[in-house]
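Colleague: Before I use the labels on this model, I would like to know what stands behind them. Please set each value against its definition.

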Amino acid sequence: MRQAMIFAAGLGTRLRPLTDTMPKALVRVGGEPLLWHVVMRLRAAGFDRLVINVHHFADQIVEYLEANGNFGLDIRVSDERACLLETGGGIRHALPLLDASAPVLIHNVDILSNIDLTAFYESAEAGTDALLLVSQRTTKRYLLFDQQRLVGWTNVETGEVRTPLGTIPGEAEQLAFSGVHLLMPTMFPLLMEEPDRFPIIDFYLRHCGEKRIMAHIGHGLQLLDVGKLDSLEQAEQFLRHFPT
């Protein structure tokens with residue numbers, strides 16, 4: 001069995017006024033909701049169990065899934081209507097809906113990409129505790145890797161650096177996170193030790209000293225974060241080049 005979790009609970013504030021009446025997951029690009037594009041790509045890659053977290057206009061997402069027969073998949077809803085739990089807390093809250101013995105691929109609902117999800121899922125080497133899809137692109141915040149192992153984080157605009165290791169190796173590589181990652185069952189007990197709400201990147205940074213949190217560098221990766229109104233037209237163009 002292959003399982004994945006789709007982050008669909010966010011408020012989508014940067015997509016207002018569209019998200020004043022609907023969840024970001026149901027904003028349409030290429031004639032279909034963002035959620036449809038992610039579900040279809042995961043289904044095509046052989047994922048048969050999906051967990052989708054909901055908060056903002058949660059009922060609309062539940063009704064959309066029901067109206068489409070869950071796309072023939074085992075789809076489970078992780079309900080965060082009471083409180084948004086952030087990315088790490090969202091995974092922690094969803095763990096009872098997941099198979100505790102299998103890896104889980106995490107995918108933001110607003111990410112479009114040309115990544116081969118099957119190849120990404122199968123690329124994790126033995127002993128890997130988490131695999132992060134990253135690329136060499138310009139941004140303000142980077143993850144830092146030494147020989148493809150996570151060692152820290154930096155904001156190049158402010159100069160802030162975070163690491164549990166004391167110092168960052170001089171040859172550490174700056175790579176941009178994509179919002180797609182693979183979490184191994186070895187990390188599930190550690191997630192349960194966390195508070196209800198926490199960011200997953202903070203979790204990875206806390207544990208990168210003792211756990212093998214590795215980079216999967218997406219060479220040739222084309223990725224679009226459909227997070228702002230002005231990205232919707234870019235998304236239409238993206239889907240013409242990389243149809244779902």
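Colleague: Why is Arg206 called partly exposed?

Modeller: Its relative accessible area is 40%. Buried means under 20%, exposed means over 50%, and partly exposed is what lies in between, with a 1.4 Å probe and protein chains only. Arg206 at 40% therefore falls in the middle class. As for the source, this is a predicted model: local features need pLDDT of at least 70, side-chain atom pairs count only at pLDDT 80 or more, and totals for chains, interfaces and linings use all residues. Residues are numbered from 1 along each chain as its sequence is written, and side-chain values use heavy atoms, with hydrogens and water left out.

Colleague: What makes the pair of Arg206 and Glu194 a salt bridge?

Modeller: A salt bridge is a side-chain nitrogen of Lys or Arg within 4 Å of a carboxyl oxygen of Asp or Glu. Here the closest N and O atoms are 2.6 Å apart, so the pair qualifies. Arg206 is in helix 6 (residues 200-207) and Glu194 in the loop between helix 5 (188-192) and helix 6, so the bridge ties together parts 12 residues apart in sequence. The helices and strands are DSSP runs numbered from the N terminus (helices: H or I, at least four residues; strands: E, at least two). Glu194, with a relative accessible area of 11%, is buried.

Colleague: How do you know that Arg2 and Glu122 form a salt bridge?

Modeller: By the same rule: N to O is 2.5 Å, and the limit is 4 Å. Arg2 lies in the segment before strand 1 (3-7) and Glu122 in helix 4 (residues 117-122), so this bridge joins parts that are 120 residues apart in sequence. Arg2 counts as buried, because its relative accessibility is 17%.

Colleague: What is the distance between the closest N and O atoms of Arg14 and Asp225?

Modeller: It is 4.0 Å, and the pair is listed as a salt bridge. Arg14 sits in the loop between strand 1 and strand 2 (28-29), and Asp225 in strand 14 (residues 223-225), 211 residues away. Arg14 has a relative accessible area of 45% and is partly exposed. Asp225, at 38%, is partly exposed as well. A search of the whole structure gives 15 salt bridges, and Arg49, Asp74 and Arg76 are linked in a network of them.

Colleague: Which residues lie nearest the centre of the largest pocket?

Modeller: They are Arg14, Asn108, Asp110, Arg141 and Asp225, out of 46 lining residues.

Colleague: What makes a space a pocket or a cavity?

Modeller: On a 1 Å grid over the protein atoms alone, a cavity is a set of points where a 1.4 Å probe fits but cannot get out, while a pocket is an open set with protein on both sides within 12 Å along at least five of seven lines. Lining residues have an atom within 4 Å of a point. Volume is the space filled by probe spheres set on the points, which are joined across faces, edges and corners. For the largest pocket this is about 1,500 Å³. Strand 12 gives the most to its lining, six residues. By class, that lining holds 19 nonpolar, 13 polar and 14 charged residues. Nonpolar here covers Ala, Val, Leu, Ile, Met, Phe, Trp, Tyr, Cys and Pro; charged covers Asp, Glu, Lys and Arg; the others, Gly among them, are polar.

Colleague: How many cavities of 30 Å³ or more does the search find?

Modeller: One. The largest cavity has a volume of about 70 Å³. Its lining includes His37, Val38, Arg41 and Phe238, and divides into six nonpolar, four polar and one charged residue. Helix 1, strand 7 (111-113) and helix 7 each supply at least two of the lining residues.

Colleague: Why is Leu42 counted as buried?

Modeller: Its relative accessibility is 0%, and anything under 20% is buried. Leu42 is found in helix 1. Not counting residues up to four places away in sequence, Leu42 touches Ala4, Ile6, Phe47, Leu50, Leu105 and Leu117, where contact means heavy atoms within 4.5 Å.
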